Amino acid sequence: MQVINNFLLSLDGFLGSAPWFPWVLLGVGLFFTLYLGFPQIRYFGRAWSIVRGKHDHSKMAGDTSHFQALSTALSGTVGTGNIGGVGLAIFLGGPAALFWMWMTAFLGMTTKFVEVTLSHKYREKTDDGTMAGGPMYFMDKALNMKWLAVIFALATIVSSFGTGNMPQVNNIAVSMEATFGIAPVVTGGVLSILLALVILGGISRIAKVTSTLVPFMSVVYVIGALAVIFYNLDNLVPSFVSVFKDAFTGSAATGGFLGATFAYAFNRGVNRGLFSNEAGQGSAPIAHAAARADEPVSEGMVSILEPFIDTIIVCTLTGMVILSSGVWTEKHHNSFQTADIEYVQGHYSDGVDSDKTELFHYLTGQDSTVNAYNGVIVIRDGEAVNQDFTLIAARSVAEDVRYTVKGFPFSGNLEIAEGKPMDLAVTIEGRSLIHSAELTTKAFTRGYFGEYGQYVVSIGLLLFAFSTAIAWSYYGDRAVTYLFGSRWILTYRVFYVAGFMIAAVADTTIVWNLAAVSIVLMTLPNLFGILLLSKEMKQTVANYWSTSPDVKEEGKAQSPAE
């Protein structure tokens, strides 16, 4: 597992975590925002009226309503990124990471408007009578780049597992075990059966389920979040101030070894923002291509609402819960995951600034005097006898460390090679910082609901993540349809359900790293494609305002930005 994790980390270092990637993502969004005259602001109100069905008529072609398409796309985005993703972003980049998630969402509203409009414009009816669309279709039909379309479609299939499938059930399983004591294999088994029952019904059943789940789960989560925020109301303003202050000073304090630099917070915030709202990834256009609409631009307007709801509303609530509660800087008792720990030689304390600096440099691959520990730890009744090492867990020095095997204190020798324990049967637990969904769950206990607040996260995570998995199964099967035809959809769905089951018991860190890599494999071809079609996009918008029947009926035609 460690070999796989190291490979994914290395690959991510060249892709999503590379310094250039966030600038490319935001740069494309900024370009279209200026080029199209801030459509995320100008068309925001009209988007709501379209979702309400104000401009619909019975003869529109498609499989779902505007609201169902929006719900399906939102169910694909509102998931672990809003709960675990925000917790991981703040853990890694401090409050400043939340600011860059906002920027990703604001500019991403335009990016999503563009990608959805173009995908809907070039959608087509498949041999089974359903609509199919997405970036692979405009890459093929408008750009005549079959090779790019194939790359994107293959990446979509991979990402359906790495983004919509595996991280979702993994976070559900971790949360359900921590809150209710339910074994991950049980959670995975039950949800896999439910997933199969839903996705075998195709887009019609998927749309019906998601249009019911999305509103309900959003209300439950918002109530739980506000219960924490109002309980810690005195910390709300300082929390908001820290987001802006740290973003512009570049000296953000994190719960880990050292304040995050501007580049570190910027990178983590943008990447987590992309994982959450998927603006630019090219996934949502696949859901919107099924919407009943004759005007591609009108469906593009609907998609503007997604990053706003997903990131600017839901992620902000999660971020304020974590920051105002203060749990992100506290150590909590937990069982350490292998990918989260590292033994180093000598004694270090995260209460000493010089030690924190050296440890941070070591963990981020910079020059450091810290060395990985190699040797044997003698353990007696669950406690280490020799003390010639420091155990790092979740970017903090672990405290009150205990070693157990199947719940009983361990006695014996534990070999450590290059900072990692060789016997994975030994459970290592203690007090350390926490991150991802575990951090958000702990934060929700610091409100009016007390310890019951954790159930809001568990239920919310269950619904959010499960609906995300449902939506991504559709994205994957549209990619399979494009590449191989509809006859291979059932085979894909079987593998999708199997992957869902396996990921429930997989290592969390490996799953998140797979997600980080697969996202970029979709995003780069998609951004390249929409840039090449920028002139066509602008003309399409102009045609909508000058020729669209529903615009003429209103007598309110607007002039597009030139």
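Predicted model: local features only at pLDDT ≥ 70, side-chain atom pairs only at ≥ 80, totals over all residues.

Modeller: L233 sits in the loop between α11 (202-231) and α12. The residue belongs to a nonpolar patch on the surface, together with V219, I223, L226, F230, Y231, Y448, F449 and Y452. The accessible area of this patch comes to about 970 Å² in total.

F244 is one member of an aromatic cluster whose other members are F99, W100, W102 and F240. In the whole structure, a search finds 24 aromatic pairs. For W102 and F244, the ring centres are 5.6 Å apart and the planes meet at 45°, so this pair is tilted. With a relative accessibility of 10%, W102 counts as buried. F244, at 37%, counts as partly exposed.

F161 and Y492 form an edge-to-face pair, with 6.0 Å from centre to centre and 80° between the planes. Here F161 comes from helix α9 (residues 146-180) and Y492 from helix α20 (residues 489-503), so that distant parts of the chain, 331 residues apart, are linked. Both F161 and Y492 are buried.

Aromatic rings also meet charged side chains. R395 lies over the face of F91, 5.5 Å from the ring centre. K538 is placed over the face of Y35, at 4.4 Å from the centre of that ring.

There remains the sheet. Four strands make up an open sheet in the order β6-β5-β11-β12, with antiparallel pairing. The edges are taken by β6 (383-384) and β12 (420-421); each has a single partner strand, so one side of each is left without a neighbour in the sheet. Strand β11, residues 412-417, pairs with β12 over two bridges in the antiparallel sense. A417 has K420 of β12 as its bridge partner.

Note on methods. Residues numbered from 1 in each chain as written. Heavy atoms only, no water. Phe/Tyr/Trp six-rings, centres within 6.5 Å; stacked < 30°, edge-to-face > 60°. Buried < 20%, exposed > 50% of the residue type's maximum accessible area, 1.4 Å probe, protein only. Lys NZ or Arg CZ within 6 Å of the ring centre and 35° of its normal. Patch = residues over 30% accessible without salt bridge, like charges linked within 9 Å, V, L, I, M, F, W, Y side chains within 5 Å. Areas by Shrake-Rupley, 256 points an atom, 1.4 Å probe, with all protein chains shown as cover. Salt bridge = Lys/Arg side-chain N within 4 Å of Asp/Glu carboxyl O. Pairing = 2+ DSSP bridges.
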